[in-house]
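User: I have a chain open here and want a quick tour. Can we go through it piece by piece?

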Amino acid sequence: MTDLVFIEGLRVDALIGVYEHERRAPRPLLLDIQMRFDNSIPALSDALADALDYHAVSMRLVEFIGQTRFNLVETLAEQCAALILGEFGAAGVRLKLHKPGAFEHAASVGVVIERGRFA
Ligand SMILES: Nc1nc2c(c(=O)[nH]1)N=C([C@H](O)[C@@H](O)CO)CN2
């Protein structure tokens, strides 16, 4: 099964980072997410209830990430992937989580992980 549902450029403010200045105020994170899901069933029924609802996933991640206080992007990415697999029935997930402007010499920094049956 090769179908995907995706979310690109999801922007969420979060308290994250290992340095003192990063822990004083939330800063923007960006997420690009690909979720393995069989889209043939919702394509036939035309019903949102049969689909992997990218809006619901986005809102849930905004709520979840807003409550977290992790040091590392690795930890937050892992938790977000687990949430998507556990709550939304995706077969697998590829998730890029990055911090635009985290420091002056790079446009963005972060991680990409794949969990579940993604390949
Ligand atoms: N592999 C990682 N390296 C670094 C992280 C991280 O979360 N994962 N975090 C930092 C700082 O918080 C950084 O964002 C500040 O520039 C450094 N390295």
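User: Is Ile41 buried or exposed?
Analyst: Ile41 counts as exposed, because it has 11 C-beta neighbours inside 10 Å. The cut-offs: buried means 20 or more other C-beta atoms within 10 Å of the residue's own, exposed means 12 or fewer, and partly exposed lies in between; C-beta atoms are placed from the backbone. Keep in mind that this is a predicted model: local features need pLDDT of at least 70, side-chain atom pairs count only at pLDDT 80 or more, and totals for chains, interfaces and linings use all residues. Residues are numbered from 1 along each chain as its sequence is written.

User: Where is Ile41 placed?
Analyst: Ile41 is in helix H1. Helices (H or I, at least four residues) and strands (E, at least two) are DSSP runs, numbered from the N terminus.

User: What about Asp46, what is its phi?
Analyst: Phi of Asp46 is near 60°, a positive value in a residue other than glycine. Most residues other than glycine have a negative phi. Asp46 sits in the loop between helix H1 (40–45) and H2.

User: Why does Asp46 count as exposed?
Analyst: Because Asp46 has 8 C-beta neighbours inside 10 Å.

User: Zoom out. How many helices and strands does the chain have?
Analyst: Three helices and four strands. Along the sequence the pattern is β-β-α-α-α-β-β. The C-alpha trace spans about 50 × 25 × 20 Å along its principal axes. Of the 119 residues, 19% count as buried.

User: In what order do the strands form the sheet?
Analyst: The sheet is open, in the order S1-S2-S3-S4, and the pairing is antiparallel. Strands pair if DSSP finds at least two bridges between them. The edges are strand S1 (4–14) and strand S4 (108–116), each pairing on one side only. Neighbouring strands are turned by 15° against each other on average, direction ignored. Axes here are lines fitted to C-alpha atoms, for helices over the stretch in contact, and angles run from 0 to 180 degrees between N-to-C directions.

User: Which helix packs on the sheet touching S1 and S2?
Analyst: Helix H2 (residues 54–66) does, and its direction makes about 30° with that of S1. Helix H3 (residues 73–88) lies across S2, strand S3 (92–100) and S4, at about 145° to S3.

User: Over how many bridges do S1 and S2 pair?
Analyst: Nine, in the antiparallel sense, with strand S2 covering residues 27–36. Ile7 stands opposite Ile33 in S2. Ala14 has Arg27 in S2 as its bridge partner. S2 and S3 pair over seven bridges, also antiparallel. There, Ile33 stands opposite Leu95 in S3.

User: Now His98. Which residues does His98 touch?
Analyst: Leu30, Ser108, Val109 and Gly110, not counting residues up to four places away in sequence. Contact means that the C-beta atoms of two residues, placed from the backbone, lie within 7 Å. His98 is in strand S3. His98 is partly exposed, because 18 other C-beta atoms lie within 10 Å. Asp32 is 66 residues away along the chain, yet the C-alpha atoms of His98 and Asp32 are separated by 8.8 Å.

User: And Arg115, where is that placed?
Analyst: In strand S4. Arg115 is partly exposed, with 17 other C-beta atoms within 10 Å. Leaving aside neighbours within four places in sequence, Arg115 is in contact with Ala81, Leu85, Gly92 and Val93.

User: Which residues are around the ligand?
Analyst: Gly17, Val18, Tyr19, Glu22, Leu72, Val73, Glu74, Lys99, Ala102 and Phe103. Each has its C-beta atom, placed from the backbone, within 6 Å of the ligand. By class, the shell has six nonpolar, one polar and three charged residues. Ala, Val, Leu, Ile, Met, Phe, Trp, Tyr, Cys and Pro count as nonpolar, Asp, Glu, Lys and Arg as charged, and the others, Gly among them, as polar.

User: Last one. What feature does UniProt place at residues 5–115?
Analyst: The unreviewed UniProt entry gives "domain: Dihydroneopterin aldolase/epimerase" there. UniProt positions follow the numbering used here, feature names are shortened, and annotations may be inferred rather than shown by experiment. Over residues 5–115 the chain is 32% helix and 33% strand, with the end C-alpha atoms 15 Å apart.
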